[in-house]
Amino acid sequence: MFVLELTYTAPLDAVDAVLPDHVVWLEEQYEKGFFLASGRKNPRDGGVILAIAGDRARIEELVATDPFTVAGVCAYRITEFTATKTSPELARHRQPLD
């Protein structure tokens, strides 16, 4: 499982210009099963996405296709973690410790 932290690297007007395309991209990733939750940070200087994928390389490939990344308006920080405990709704994403 991965926590994707977005930090805006451009003024909000530049971010907002790309936002509709970013939202479409988000919806596509939810449909494909990569994303579990997402939203803006408060204060609005970026966002956070909770994601799942087979490995970090796949997440890095995915992040590279985000319209925010393509437009150069944000930077991603990718943190991988082992989800050993979850809510009942996320039980199928639990991971055993090796």
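How many bridges join strand β1 to strand β3? Six, and the two strands, residues 2–8 and residues 46–51, run antiparallel. Before going on, this is a predicted model, in which local features need pLDDT of at least 70 and side-chain atom pairs count only at pLDDT 80 or more, while totals for chains, interfaces and linings use all residues. Residues are numbered from 1 along each chain as its sequence is written, and side-chain values use heavy atoms, with hydrogens and water left out.

A word on naming. Helices (H or I, at least four residues) and strands (E, at least two) are DSSP runs, numbered from the N terminus. Two strands pair if DSSP finds at least two bridges between them.

Now the sheet. Strands of a sheet pair through backbone hydrogen bonds, either parallel or antiparallel. Here there are four strands in an open sheet, in the order β2-β3-β1-β4, and the pairing is antiparallel. β2 and β4 are the edge strands, each pairing on one side only. From one strand to the next the twist averages 15°. For angles, axes are lines fitted to C-alpha atoms, for helices over the stretch in contact, and values run from 0 to 180 degrees between N-to-C directions.

β3 also pairs with β2, residues 35–40, over five bridges, again antiparallel. A hairpin of five residues connects β2 to β3. Some bridge partners in β3: F35 has A51, and A37 has L50. L50 is also the partner of V3.

Next, the helices. α1 lies across β1, β2, β3 and β4 and runs at about 165° to β2. α2 packs on the sheet as well, touching β1, β2, β3 and β4, and its direction makes about 165° with that of β4. Contact here means heavy atoms within 4.5 Å.

Which residues of helix α2 are buried? In this helix, residues 56–64, they are I59, L62 and V63, where buried means under 20% relative accessible area with a 1.4 Å probe, protein chains only. They lie on the same side of α2 because they cover an arc of only 100° around the axis, taken from the directions from the helix axis to the C-beta atoms. These buried residues pack against β1, α1 (12–32), β2, β3, α3 (67–71) and β4 (74–80).

Last, the start of α2: there a side-chain oxygen of D55 comes within 3.3 Å of the backbone nitrogen of A57.

Key
Buried means under 20% relative accessible area, exposed over 50%, partly exposed in between (1.4 Å probe, protein chains only). A polar contact is a pair of N or O atoms within 3.5 Å; within protein, one must be able to donate a hydrogen and the other to accept it, and residues adjacent in sequence count only if both atoms are side-chain atoms.
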